Amino acid sequence: MSDTVYNEEYNDGFEEFFEKVKKNPQYDYDKIEEAYILARDAHKNQRRRSGEPYIMHPVAVAKILMKLGMDNECIIGALLHDVVEDTEYDLDYIRKVFGDEVALLVDGVTKLGQIPLSTREEVQAENIRKMFIAMNEDIRVIIIKLCDRLHNMRTLEHMPEYKQREKSLETLEIYAPIAHRLGIRPIKEELENLAIYYLDPIAYKEIEKNLSMKKEQGERFLNEITQQISDKIKPVMNNVHITSRVKSVHGIFRKVYIKGKNFEQIFDIYAVRIIVDSMIDCYNALGIVHDMFQPLPGRFKDYISMPKPNMYQSLHTTVLSKSGIPFEIQIRTWDMHRTAEFGIAAHWKYKLGKGGNDKMDNNLEWIHRILEAGNETETAEELVANIKGDLSVEEVYVFTPKGDVKSLPKGATVIDFAYAIHSAVGNKMVGAKVNGKIVTLDYRVKTGEIVEILTSNQQGKGPSRDWLNIVKTGESRSKIRAWFKKEKRDENIVQGKAEVEREFKRNFIRLESDQYESFIRKIAERQHFNEIEDFYAAVGYGGIQITRLMPGIKDEYNRNWKPKDVTPPKPTLNIEQPSTKSTNGIVVEGIDNCLIKMGRCCSPIPGEPIIGFINRGTGLTIHRRDCVNVPIDVALSPEPDRWVNAHWDSSVQVDARSTIDVYAIDRDGVVLDITMKMANAHVKIHSINARPINDGNCLTTMTISVNSKEHLESIAKMLRKIDGVYHIERSGNK
């Protein structure tokens, strides 16, 4: 096909690109040219917003991929990546002409489509899931997509302003973090810089201005430093390469506009990179530069012995020049440098094997974890939040007591660390030690800390629902939900049913009992549940948020189920109804001046949902709605008439009894410290019992007076500050 005539009306860049392809023996240039001709003819009537022929886009994407060193199939896939979606050619034709591998890549990129943040959340969630499924099948799909996004960002000036901001935000929150996780530094940095250019052009220009003002001074400084280091290192080491660079605009933007630092407080604006032959040479070079310049305390990082999850390895140290200017020095081997520049793409560029090897599979494990977390996540908002958190550019590296290293997003807690070790460790967790000291469960781990997880094999132990509000990673959240989904099904059904009924009342959805079940079944089937109880359970453990489904449910009710003669009740003034009065701070519907007692099984406290049970001749017992003694469906219980609705009277302050379990290290004086704390806080203790339990721990059970759920939470928070106390829960709270 060497006699192919390229389009003479415009230069789409393919001819010069093709000359480079022919010089590289890894490429099948006949097939690449055939793919170009097909793409050019398929897109012949299409133009980009800039007015340029559309073919210029796939050619530009192929050029970026060739710079990364990607393989033959990847280049062909890039040239054809929009053909199936936008033209008359289908996937079967691509498979027949170019083979299964190219077809897989084209199909993967086509399925990704767009991830517009402005669309409905359900669509957004589905698109993101498609992205990670495609990555899981063949990582080259997302590499093509990253290059596609990079070229689109380079030509974004032709889009409307609102589209520029939308694409830039999406790039900064999804695509740049993925490029970071894959270790493709050039693409990550350019995506970030282009996104900031459109999201905050004033800040971008201010940073550029500051850098340009220091450009001449900076170049002179870096040349001098590079020469000084070269004079010291090259006489004692062979094959040393020394370069320098100025920090990226986005890197400066994060520190100045997000972290609030002054331009002068950024110590790594200037950086020198030293590339050597061996790991021993790295540490020898470190000794030389530390002898030459004053190292800044706390600014040394050894990513060689503790690589980042994206395979990055290097020694980082920040030092002061003789003139007092701080700068960063990075030291690495040639192999480390190739991985640092190209990340996962180095497996193709340097023939390290494109798949199936353990090292590469381990480095892509995070994709499997995000997919697993996504399977347990039903709401788009949470899915996106989880992905942003799990793709966090900033990471911490934490040690187990045995010296294993776990990488977590910045802000992760000891609970996240426990679940990163194993689901069973997280589920049995009752406390944690950091560097030998007990910490609270919301403690955020930091790089270099040694974290020990305290567990209990006591029957019935498991995570608390409160942990869902504490953990940082989507992986932890999905594992906690999975535990509740499996172990607390009955409790989930009760809680879910109560939430559904509450939302129905709030939205004026009224149905007779025979219609109610049919209506709920239709909703459950729409959410892919065969049984109503499965739907209730999903709502109960948090897999489905009923509030997000209500607009569709209400629309279905109004169109097909609402009785013709029923109209929503008019809002009423919040005045006391003569039929019900508060007794001991509790209002019971339809009953006044009744003898009321609290159920010992659940000890309800003000602020919690409650229900009453009429005892024959002995008054009324109040239970928590989620109490094990309250039927899942009151209407189907043996004596439904004996259950009555009740709620707390917010105008009356009530003291209620609650029993709590305080777990602590069994040390001298720990029980005394607990009682002293309670006395100083003026908390009345009705009974207290302390006893030793397993592994040098003790359990203190107290019945105390509280006036609200918030009061109880503040007491628990106070007790957690006591040395040795590592876990607190209400008796029977699980």
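1. Buried means under 20% relative accessible area, exposed over 50%, and partly exposed in between, with a 1.4 Å probe and protein chains only. By that criterion Cys602 counts as buried at 6% relative accessibility, and Cys698 counts as buried at 5%.

2. This is a predicted model, in which local features need pLDDT of at least 70 and side-chain atom pairs count only at pLDDT 80 or more, while totals for chains, interfaces and linings use all residues. Residues are numbered from 1 along each chain as its sequence is written, and side-chain values use heavy atoms, with hydrogens and water left out.

3. With a disulfide taken as a pair of cysteine sulfur atoms within 2.5 Å, the structure holds zero disulfides. Cys602 is in no disulfide, and the nearest cysteine sulfur, that of Cys627, lies 3.7 Å away.

4. Three strands form an open sheet in the order S10-S9-S11, with antiparallel pairing; strands (E, at least two residues) and helices (H or I, at least four) are DSSP runs numbered from the N terminus, and two strands pair if DSSP finds at least two bridges between them. Strand S10 (437-439) and strand S11 (451-455) are the edge strands, each pairing on one side only.

5. Strand S9 (residues 429-434) runs antiparallel to S11 and is joined to S11 by five bridges, and Ala432 stands opposite Ile453 in S11.

6. Helix H21 (residues 414-421) lies across S9, S10 and S11 and runs at about 80° to S11, where contact means heavy atoms within 4.5 Å, and where axes are lines fitted to C-alpha atoms, for helices over the stretch in contact, with angles from 0 to 180 degrees between N-to-C directions.
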